[in-house]
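Hi there,

Here is the structure I promised to send you. Have a look at it first, and then read on for what turned up in it.

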Amino acid sequence: MSKIVYWSDYACPYCYIGEKRLETVIDELGLKKDIEIEMKAFELDPNASREVQSRTDERFAKKYGMSLENARNQIEKISNLGRAEGIDFKYAETQYTNMLDAHRLTKFVAAKGKDVEKVIHLLFDAYFTKNLKLSDRKILADIAKQVEINEDELNAMLDGEDFINEVRKDENEAYSLGVHGVPFFIINDKYIPGVPTKESIKQILSKAIEEQTSKVGAFCSLEGCSS
């Protein structure tokens, strides 16, 4: 089985686009049962407030040293990339807040053996499509409920320090690899910084499966033996 590991943040538009492209390619190639996927946490702004303190265009303009008009144009270009992947992308209206609890929820879901891929999708959708505040426990509770985790369970986890160390471990691992931006994919030990095109994902996955198949030695099954 091939392994895909990627670092991602729910406030990152390219992460959502990359995650969607990866999902599309895996479906198109019929490889869902042949690939193991693991998302690792990477907070782009660990010090972000739990409350919304700025508009997306203002924050974008300040961060990249551009005018509001240019910032809005760039935000719309990124939104169009998302729309091209079938996402109702609304980057301009995002509610920018701290993402630690969203990452902790992801870890919690994985630890309980629930559908972590569904939660990842729901969190991205909540932020970029529904423009919800992911630091809001009610929002997180609504998402958790969709994978059979009740609000009391979620609050008990968030009230403590569960999964904070796991998030930090992911981030420290990324830093040790020289990763300072996301998305960052590792597909069968091949490093892919940034958001890859669907064509490049197809080529990489196809080659990985081919290489894996070519390494299989002689074996016997219920149908007989092969060499």
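This is a predicted model: local features need pLDDT of at least 70, side-chain atom pairs count only at pLDDT 80 or more; totals for chains, interfaces and linings use all residues.

Helix α8 covers residues 164–176, which is 13 residues. From its first C-alpha to its last, α8 reaches 18 Å, close to the 18 Å expected at 1.5 Å a residue.

Which residues of α8 are buried? They are Val167, Asp170, Glu171 and Ala174. If you look down the axis of α8, these buried residues fall within an arc of 90°, so they line one face of the helix.

Now for the surroundings. The cover over the buried residues of α8 includes the strands β1 (2–8) and β2 (35–41), along with the helix α4 (100–111). On the face turned away from that buried side, α8 carries the exposed residues Asn165, Lys169 and Ser176. Just after α8 comes glycine 178, with a positive phi of about 85°.

Is leucine 158 buried or exposed? Its relative accessible area is 5%, and under 20% counts as buried, so leucine 158 is buried. Apart from neighbours within four places in sequence, leucine 158 is in contact with Asp101, Arg104, Arg137 and Leu140.

Happy exploring!

Technical notes. Residues are numbered from 1 along each chain as its sequence is written. Side-chain values use heavy atoms; hydrogens and water are left out. Helices (H or I, at least four residues) and strands (E, at least two) are DSSP runs, numbered from the N terminus. The expected span of a helix is 1.5 Å times one less than its number of residues. Buried means under 20% relative accessible area, exposed over 50%, partly exposed in between (1.4 Å probe, protein chains only). The arc is that of the directions from the helix axis to the C-beta atoms. Contact means heavy atoms within 4.5 Å.
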